[in-house]
Structures are given as structure tokens and as C-alpha cells.
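This report looks at how the parts of one protein chain pack against each other. Please keep the sequence and the structure in view while reading.

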Amino acid sequence: MPIDASALPSIGRHRLPNRVILAPMAGVTDRPFRQLCRRLGAGLVVGEMVTSDPSLWHTRKSQLRMDHRGEPGPRAVQIAGGDAAMLAEAARLNAAQGAEIIDINMGCPAKKVCNKAAGSALLRDERLVAEILDAVVAAVEVPVTLKIRTGWCAESRNGERVARLAEDAGIQALAVHGRTREQRYNGHAEYDTIAAIKAAVSIPVFANGDIDSPEKAARIIDYTGADAVMVGRGAQGNPWLFAEIDHYLRHGQRLAAPSAVERRAVMLDHLVSLHDFYGEHMGVRIARKHLGWYLARHAPDASTVKRQRAHFNALESPQAQRDFVDQLFRHPAAARSMTSNGISAA
């Protein structure tokens, strides 16, 4: 049964074109990947987490994370930190530089983030959560959103209370990953808490966690009542997932798989954009993880993935990397296997 796509969610004045959002992922959702996912059907993309400490924004990593040149709006920037005044100032500065949505990170489970009382560590202190939300919302005129987990641990699933704090503070939309911080990315996401959060607040709620197929996206929206799904790891090596989910939600049918010609074009375009964005030396290295994800999703078996990754990771130039992708699709058998989820060329 197709899900009604007529009442699409809004974040402030920004009406989303569909119900599929790219989750912010540090080290993944850089400008090349955001642009690719937007082109392939993501209704909204959120940039990599940026520290709330402006004194660190001069670093190359921060500069690259804050680069949104050429991207269509709305431009969503995620900030992270544990100090309300510093987060408010970071929100003001990012809005002044063109951010149209400010997203606050209270969902990252990484130790280096949580050890600084940021990310999902903030969920342990609801008073500080409220202070941060009030300060950031008051600091900017653009809409502010929030990303959380269901709680710190199984004994402390306070996502529903945090959601109410967010709505009271003026947060315009809430993304919820269906795991606690203690779970990190282990086990399976649960959606009961997301459903309870959706029932408790009137702002848009985006369901996140283990969404890797159009059918699962539809089931989660139906089960939780969420206004949209937020896709993270499911898009790594599979940016076509956004269009597939959108089509399924609108029509209740699977979209035809991308052809080998399209897969080759997308993979090559992704490589070129990484090389251009990061420069030859860094771009070649960043490309290795992305190409590895493509291979892992479409190679016929683990030994083939291992062999192909080792080959690709030994390449030292942009041209050699592009030649590798060409070789994958050079023979008809290889092209057929790519379309049916198996790269057979070496």
C-alpha cells in the first residue's frame, strides 16, 4: 500500500520534496557525497559534524566540512559541543556564512565526542540539553533541528522527554536514531521509542537506523508514524537508495535497478568530484573507502571484495583509480554482474 506523499514535512519555511534524508556522518557526508545523494533523490542532505569551537575552524578538516559552495538549498549544517554559549555562537556564525538550517548533534556515539560531554553524552543531562536548545534557537533566525538517540543506555531511554524539551524550546524537527549510545552501531535499531516520540510531539520526526531498503523504509514510516526516514550507512556505496525509497513510498513498487551504464557513470563522477574537492593526494586516499563500499555492496563474494579492494587501495593516482572503474565495466559479463549486484571483473 503506497504511503501518502502529499503532505510532505517542512522544516520551518523549507518544505522537503520527499521523505528521504541523508544523515550527517563524519568522514562520509562531505560536499561530493552530499551533492551526489541530492542528485540521486535525497530530499535533504546534512553536512558533516562541525565543532562548536570557532578557534578550530581554521584547520583544513573544518574548512572542508564547512564548504557548501555550489550546493542547492536548504543548506543544513550540524554543530557539536557541550557548551550552550559556544554552540549558540557557532550557530550564529554558520548562519552568517549561509547555513539555512542548524542541526544540533546529540546522537554521535564516538568516544572522542562523548568524552567531551558532547554528542549523545548530552542525553545524560536533561537540564543542559534544555539550556543548549534554548540558547541555539534564540541565537539564530533560521530553523534549528536536533538529532538524538533513544537514550544513553537501555536503563535510560529518555528520548521522549528530550523530544518534549526540544519542542518546547522551538526545535523545528527531530531526527531519532533507534539505538542508545551504549549500543553504538551494534545490534538492531528499535522503533518503539521512535513511535512513542512521534506520538508525544507535534514537530516533524525523522526515523533513523538500519534503513537499507525501500520496503524497510515504508514499514518504519507505517509503524512509527514518522514524517520521513533518515538514511546513513545504508547509502554508503548505494546512493541510488534515495530514489528507490522515494519511488516506493509514492507508488508502492520497486524502482528498476540502475543500469551498468548508470552505475559506471555515478562511480566515475564520484571519484572525479573527490579528486577535485580534496586535491590529488588526499582525494585518492578518501576515494578508497567510498569505492570500497561500492565494491562491498556489489561484488559476488567476500574474497572478490578483498581482492578488488587490495588492488584499488594500491593505486596512487586519480587516473589509475578511474581506469580501475572502467575495467569493472569493460566486459559484458562484468556489466551484467554489476546490474545484478555482483562485480566480477578484477
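## Terms and source

Two strands count as paired if DSSP finds at least two bridges between them. Helices (H or I, at least four residues) and strands (E, at least two) are DSSP runs, numbered from the N terminus.

The model is predicted: local features need pLDDT of at least 70, side-chain atom pairs count only at pLDDT 80 or more, and totals for chains, interfaces and linings use all residues. Residues are numbered from 1 along each chain as its sequence is written, and side-chain values use heavy atoms, with hydrogens and water left out.

## The sheet

Strand 6 (residues 76-80) and strand 7 (residues 101-106) run parallel and are joined by four bridges. In one of these strands' pairings, Ala76 has Ile101 of strand 7 as its bridge partner.

Nine strands form an open sheet with parallel pairing, in the order 4-3-11-10-9-8-7-6-5. Which strands stand at the edges? They are strand 4 (44-45) and strand 5 (50-51); each has a single partner strand, so one side of each is left without a neighbour in the sheet.

## Helices on the sheet

Helix 7 (residues 192-200) packs on the sheet and touches strand 8 (144-149), strand 9 (173-177) and strand 10 (205-208). Touching, or contact, means heavy atoms within 4.5 Å. The direction of helix 7 makes about 175 degrees with that of strand 10. Axes are lines fitted to C-alpha atoms, for helices over the stretch in contact, and angles run from 0 to 180 degrees between N-to-C directions.

Helix 9 (residues 241-251) also packs on the sheet, where it touches strand 3 (20-22) and strand 11 (228-231). Its direction makes about 160 degrees with that of strand 3.

## Helix 10 and its neighbours

Helix 1 (residues 31-39) packs against helix 10 (residues 260-278) at about 150 degrees, with the axes 9 Å apart. Helix 1 is therefore roughly antiparallel to helix 10. Angles under 35 degrees count as roughly parallel, over 145 as roughly antiparallel, 65 to 115 as roughly perpendicular and the rest as oblique. The residues in contact include Phe33 and Leu36 of helix 1 and Leu274 and Phe277 of helix 10. By class, this contact has six nonpolar, two polar and three charged residues. Ala, Val, Leu, Ile, Met, Phe, Trp, Tyr, Cys and Pro count as nonpolar, Asp, Glu, Lys and Arg as charged, and the others, Gly among them, as polar.

Helix 10 also packs with helix 11 (residues 280-298), at about 155 degrees and with the axes 7 Å apart. This makes helix 10 roughly antiparallel to helix 11. Among the contact residues are Met267 and Leu271 of helix 10 and Ile286 and His290 of helix 11. The residues of this contact divide into eleven nonpolar, five polar and two charged.

## Helix 11 and helix 13

Helix 11 and helix 13 (residues 318-328) pack at about 20 degrees, with their axes 10 Å apart. Helix 11 is therefore roughly parallel to helix 13. Residues that meet include Val284 and Leu291 in helix 11 and Phe324 and Val325 in helix 13. Eight nonpolar, one polar and two charged residues make up the contact.

## An aromatic pair

How many aromatic pairs does a search of the whole structure find? It finds three. Rings of Phe, Tyr and Trp (its six-membered ring) pair if their centres lie within 6.5 Å; planes under 30 degrees apart count as stacked, over 60 as edge-to-face and the rest as tilted.

The ring centres of Trp240 and Tyr294 are 6.1 Å apart and the planes are at 70 degrees, so this pair is edge-to-face. Trp240 lies in the loop between strand 11 and helix 9, and Tyr294 in helix 11, so the pair ties together parts that are 54 residues apart in sequence.
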